[in-house]
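Morning, everyone. Please look at the picture first.

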Amino acid sequence: MAILYKGIDHVQLAAPEGCEEKARGFFGDILGMSEIAKPENLARRGGVWFECGTQQLHIGIQKDFQPAKKAHPAFHVENLEHLRENLEHNNIEVKEDEPLKGAQRFYVNDPFGNRLEFLRWNTM
């Protein structure tokens, strides 16, 4: 029997202890993601969760935290230019990379140094 994947439920990024307010400011206020409540039994671990379309982004606490400089989630954003303007307005450095045929994209680092990609696929 074949394994049938339905998609990705969530992506977790690591962050240092005490990161919650910075995460809320960046992922919530600047990126516009809605915070969702963590299950009560997991809330004591710290961190914060956000809605991202039909998926979730989990910011989890890692005691010996090191940012992900290469590995990264990529977020599909319909209004990519609006997001870029908002990031630049908030003094967040937007980084270009090699072109990806059929897409517009850029990268930023979250407040903890993790690499994030934002892209929009061109429709024909």
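Start at Gln12, which stands opposite His58 in E4. Gln12 and His58 both line the second largest pocket too, and I'll come back to that.

First, the ground rules. This is a predicted model, where local features need pLDDT of at least 70, side-chain atom pairs count only at pLDDT 80 or more, and totals for chains, interfaces and linings use all residues. Residues are numbered from 1 along each chain as its sequence is written, and side-chain values use heavy atoms, with hydrogens and water left out.

Now the strands. Helices (H or I, at least four residues) and strands (E, at least two) are DSSP runs, numbered from the N terminus. Two strands pair if DSSP finds at least two bridges between them. Strand E1, residues 10–15, pairs with E4 in the parallel sense, over six bridges. E3 and strand E4, residues 55–61, run antiparallel, joined by five bridges. Cys52 stands opposite Gln55 there. E3 and E4 form a hairpin with two residues between them. Gly53, in the turn, has a positive phi of about 65°. On to strand E2, residues 34–36: it pairs with strand E3, residues 48–52, in the antiparallel sense over three bridges. Glu35 has Phe50 in E3 as its bridge partner.

Next, helix H3, residues 80–89. Which residues of H3 are buried? Leu80, Leu83, Arg84 and Leu87; buried means under 20% relative accessible area, exposed over 50%, partly exposed in between, with a 1.4 Å probe and protein chains only. They cover an arc of only 100° around the axis, so they sit on the same side of H3. That arc is taken from the directions from the helix axis to the C-beta atoms. His82, Glu85 and His89 are exposed on the other side.

Last, the pockets. A pocket is an open set of points on a 1 Å grid over the protein atoms alone, where a 1.4 Å probe fits, with protein on both sides within 12 Å along at least five of seven lines; lining residues have an atom within 4 Å of a point. Grid points are joined across faces, edges and corners, and a volume is the space filled by probe spheres set on the points. The largest pocket holds about 570 Å³ of space. Of its 24 lining residues, Met33, Cys52, Gly53, Phe75 and His76 are the closest to its centre. The second largest pocket holds about 160 Å³. E4 gives the largest share of its lining, four residues.
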